[in-house]
Amino acid sequence: MKNRMKSLISLAVGASVLAFAVVARGEIKIVVDHNSNESASVAFKFKNVPTPSKNDPATSARFTILDGERDDNGGDLDKLHDGKLPTEEDEPAENFFFNAGTESGRLRVDSGKLIEIKQVNTYSWHPNTRGPQVYKLYAADGKAEAFNAQPRNATDPDKCGWKLIAKVDTRPKQGEGGGQYGVSISDSDGIIGKYRYLLFDMVRTENDDPFGNTFYSEIDVIGNDSAAGAGAGASEQAFIIHSADGYCEISIDTSAAPDLKDWAENKLALVLAEWYPKIVAMLPCKAYDQDIVKQLNAAMRQGKYHEELWKEHTGHSLHELTDEWKAGLEKQLAMPIKPKQQSS
Ligand SMILES: [Ca+2]
Ligand SMILES: [Ca+2]
């Protein structure tokens, strides 16, 4: 049994049959996916971000420009929630973008009623600098006494009934960042909040020339009861367990390996729940950057997470750290875990 368990974990982790996602509880999570110019296709398919939805609460919501002006060369606001997508990398009529030479502006999405928002997903496509997305997302239920439903650029939404949800910036460190972007904003608690309004405070990606305003193809709002968007890459079949210290949520996705479902949920989950906090604790102990977890979380919130951060903070690539983690996990699984689990 011990050996079998050990070989299963090697197989599972080594072959990526199981997908693990671990996030701190109650934190906003920003997942950014990028398809390069070469790999972008009409399918708008991303590694982790769900493909755009044709039928989400944003479909029937009212979109309004609160500040800034639309570029007449592009499509109107309907393009952001019509469920249709551009069929090529530079198709102005199928995207909404702010006018050339302007600093972008603010868009409001009004659902007309309070909805429990599970995800806000934004999509864009352009061969160069109009591909990446830079915006702040605010939300409001409209009930605050000082609520201003139409804050223009000079007004701080924080001060008139809006809550800052996320800061998104998908620009690469180098290069123009052409291609397709999918951004998925969610909360590790499952629900971002119960809101009626969303406010996108958009910024152009550059001002070296007049054409820095992003080509936005679609904005989706996924409600708690929507079938679409099953949690930023996590399968609907994902099994959720909280870490022993209560700080992390661990999801185990066995959709690609259904025969491992029972084992993963009854055995592996318990080990991960117990050991994940210890692995996280191990990082600062091993003379790595003391603030690594905090900094990674901050980078995720700002949409600036990338794998190189691990190398910057620990001197080891994510691959190397994963090997270290796997070795520790295998060692643990080769030993008796708890008597009652051994009997099944
Ligand atoms: Ca569209
Ligand atoms: Ca949509």
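Two residues are taken to be in contact if their C-beta atoms, placed from the backbone, lie within 7 Å. This is a predicted model, in which local features need pLDDT of at least 70 and side-chain atom pairs count only at pLDDT 80 or more, while totals for chains, interfaces and linings use all residues. Residues are numbered from 1 along each chain as its sequence is written, and chains are lettered from A and ligands numbered from 1 in the order in which they are written.

**View 1. The surroundings of Glu89.** Leaving aside neighbours within four places in sequence, Glu89 is in contact with Asn37, Ala40, Trp125, His126 and Pro127. Glu89 sits in the loop between strand 3 (62-67) and strand 4 (106-126), where helices (H or I, at least four residues) and strands (E, at least two) are DSSP runs numbered from the N terminus. Between Glu89 and Trp125 the C-alpha to C-alpha distance is 5.8 Å, although 36 residues separate the two in sequence. Glu89 is partly exposed, because 18 other C-beta atoms lie within 10 Å; a residue is called buried at 20 or more such atoms around its own C-beta, exposed at 12 or fewer, and partly exposed in between, with C-beta atoms placed from the backbone.

View 2. Most residues other than glycine have a negative phi.

**View 3. Strand 8 and its partners.** Strand 8 (residues 193-202) is mostly covered, seven of its 10 residues being buried. Strands are said to pair if DSSP finds at least two bridges between them. Strand 4 and strand 8 run antiparallel and are joined by eight bridges, and Arg106 has Asp201 of strand 8 as its bridge partner. Strand 5 (residues 134-140) is likewise antiparallel to strand 8, with six bridges joining them, and here Ala140 has Tyr197 of strand 8 as its bridge partner.

**View 4. The largest nonpolar core.** A nonpolar core is a set of buried Ala, Val, Leu, Ile, Met, Phe, Trp, Tyr and Cys residues joined through C-beta atoms within 7 Å. The largest such core holds 44 residues, of which Leu137 and Leu198 touch the most other members. Two or more residues each are given to this core by strand 2, strand 4, strand 5, strand 6 (163-169), strand 7 (179-187), strand 8 and strand 9 (216-223). Not counting residues up to four places away in sequence, Leu137 touches Val120, Ile165, Ala166, Val168, Ile185, Leu198 and Phe200.

**View 5. The chain ends and the confidence of the model.** The mean pLDDT of the protein is 81, and 72% of its residues reach 70 or more, pLDDT being the predictor's confidence in each residue, from 0 to 100. Over residues 1-18 the pLDDT is below 50, and this stretch has 27 contacts in the model beyond near neighbours in sequence. Residues 336-344 also stay under 50 in pLDDT, and for them the model has four contacts beyond four places in sequence.
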